[in-house]
Amino acid sequence: MFYIFCPYCKEHREEEEFHARGQAHLMRPSDPDNTSDEEWGDYLFFRNNPRGIHHEMWVHSVGCRKFFNITRNTVTYDILETYPMGEQPTITAATPDVRHEQGVQVADGGWQTVGARSENKALNEETSS
Amino acid sequence: MQRYSGFGLVKHALGHHENWERQWRNPEPKKRYDVIIVGGGGHGLATAYYLAKEFGVKNVAVVEKGWLGGGNTARNTTIVRSNYLWDEAGRLYNHSLDLWKGLSQDLNYNVMFSQRGVLNLGHTLQDMRDIQRRVHANRLNGIDSEVVTPQQIKEIEPQLDISSRARYPIMGASWQKSAGVARHDAVAWGFARGADALGVDLLQNTEVTGFKIRDGKVLGVHTNRGDIEANTVGCVAAGNSGVLANMAGIKLPLESHPLQALVSEPLKPILNTVTMSNHVHGYISQSDKGDLVIGAGIDGYLGYGQRGSYPTIEHTLQAIVEMFPMFSRVRMNRQWGGIVDTCPDACPILSKTKVKGLYFNCGWGTGGFKATPGSGHVFAASLAKGEMHPIAAPFSIDRFHTGALIDEHGAAGVAH
């Protein structure tokens, strides 16, 4: 279960309040009239599908209903950062040792404790409910 | 190969079952093959089997990074049906269903294919319109399918709650009588044993680390056990297809998601058939062992973790209890996830690529098991001839640029 920090609500909320909406930072072709079938197809259907660091768009659908971005590891399911629309990620696949520097939510080694523990206290403060 | 028979069983019983031969060899990789299949799941093994058996290509290697049938072949809910909407998909899945019918005899391996029928429930007026449209399309394509009323459903599956008390009352269903379930592991093992007997090398614990490509032509693969050469390479790697495509410099329109399933404690026979519902979203059947086999939806996010999320389990079990209130106190035994490679139009990709000699068979998403023999057969035909088989041709990767998509989200059964 993910415990996701919404950059607009400034709060950690449970996964069920959110919806994943696919790859982030997709650019619609800027000149539609002069865009080839190849480019339209790529824009509409072709996506990055990495084993590892992935930037993706989520929506806080039963919260503030705003879209934001998450950088997440698709194998360990660690969420490394969340950031508002329009901003660029600070962590990418090229960043060395991302897990230990920036870990917000970390799988505890076991297969069923996905995202249950934090490694970085500052980024993952519990909110009183 | 030692053929299995009733007589053989008696003979081996007298020998205390100590003299059964191994079902397949564990060979060292040769330097060169005619065809390399990357991925030793059901589809890959079926491809190798049909290549050797029907198309005379016997110098074949199946390269598998783990063990045979250890991915989604071992993780699915074993449903076999062919009631898809569009002509192209109908032909493909029905071709597969035809092969299923004689598979146990063909392989000399009991795949326990049981044609117990599939109900696809409708809970709203729109559901029923979609079901009617799909059933009519099926009948035009020679697929047995009919619309049934709640009373007929009650006769087929007495435990279903067809009352108006339900939150989403059942208004009807489509019923494919020739559909059913099969023993998933036996399918992989049967194809593996058959392929091995025909001379195919099954290379387990052999991970492809790259492709040897020169002048836009594939020359072989790099593996952790050395380089293997072949002028034809077929990738049948399900959830890991994207990773392979990346190595070859190809982009695929696939997203890998976790899809989970769960089984209950074993019960006495209680379900006659397979029941699926798109609307409340759950599907259930009972295995011969007695456990209820329940399939869930995919997790919305990308993942390679081979595990699913708890909210999805909760939603699925709510759906099951909605359909079968009597199961509310059944305890679940195990839960697991597989990685499915979903396509934007919920149909697979069987295609050549821009690299000559490199073929992909992927994108089966949430419904690949039912297609195992058919997919293997048409893919083998394509690899052997160098031209896509007519049934496979519409599933080219080009469709995402030409726009000739085959939208099967309605018939796919799992929302994604």
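**Notebook: a predicted two-chain model**

I began with A:Gly22, which counts as partly exposed at 23% relative accessibility; here buried means under 20% relative accessible area, exposed over 50% and partly exposed in between, with a 1.4 Å probe and protein chains only. I note that this is a predicted model, in which local features need pLDDT of at least 70 and side-chain atom pairs pLDDT 80 or more, while totals for chains, interfaces and linings use all residues. Residues are numbered from 1 along each chain as its sequence is written, chains are lettered from A and ligands numbered from 1 in the order in which they are written, and side-chain values use heavy atoms, with hydrogens and water left out.

**Entry 1: A:Gly22**

I located A:Gly22 in strand β3 (residues 19-23) of chain A; strands (E, at least two residues) and helices (H or I, at least four) are DSSP runs, numbered from the N terminus. Leaving aside residues up to four places away in sequence, I found that A:Gly22 touches A:Glu56 and A:Met57, contact being heavy atoms within 4.5 Å.

**Entry 2: two helices of chain B**

I looked up how helix α3 (residues 87-101) of chain B packs with helix α10 (residues 372-385) of chain B: the angle is about 110° and the axes are 7 Å apart. Axes are lines fitted to C-alpha atoms, for helices over the stretch in contact, and angles run from 0 to 180 degrees between N-to-C directions. α3(B) is therefore roughly perpendicular to α10(B), the class for 65 to 115 degrees. Among the residues that meet are B:Leu92 and B:Trp100 in α3(B), and B:Pro373 and B:His377 in α10(B).

**Entry 3: a sheet in chain B**

I traced an open sheet of three strands in the order β9-β10-β11 (chain B), with antiparallel pairing; two strands pair if DSSP finds at least two bridges between them. β9 (208-214) and β11 (226-229) of chain B are at the edges, each with a single partner strand, so one side of each has no neighbour in the sheet. The twist averages 25° from one strand to the next. Four bridges join β10 (residues 217-223) of chain B to β11(B), and B:Gly220 has B:Glu229 as its bridge partner in β11(B).

**Entry 4: cysteines**

I searched the whole structure and found zero disulfides over all chains, a disulfide being a pair of cysteine sulfur atoms within 2.5 Å. For A:Cys6, the nearest cysteine sulfur, that of A:Cys9, is 3.7 Å away. A:Cys6 is buried, with a relative accessible area of 0%.

Technical notes:
Parallel < 35°, antiparallel > 145°, perpendicular 65-115°, else oblique.
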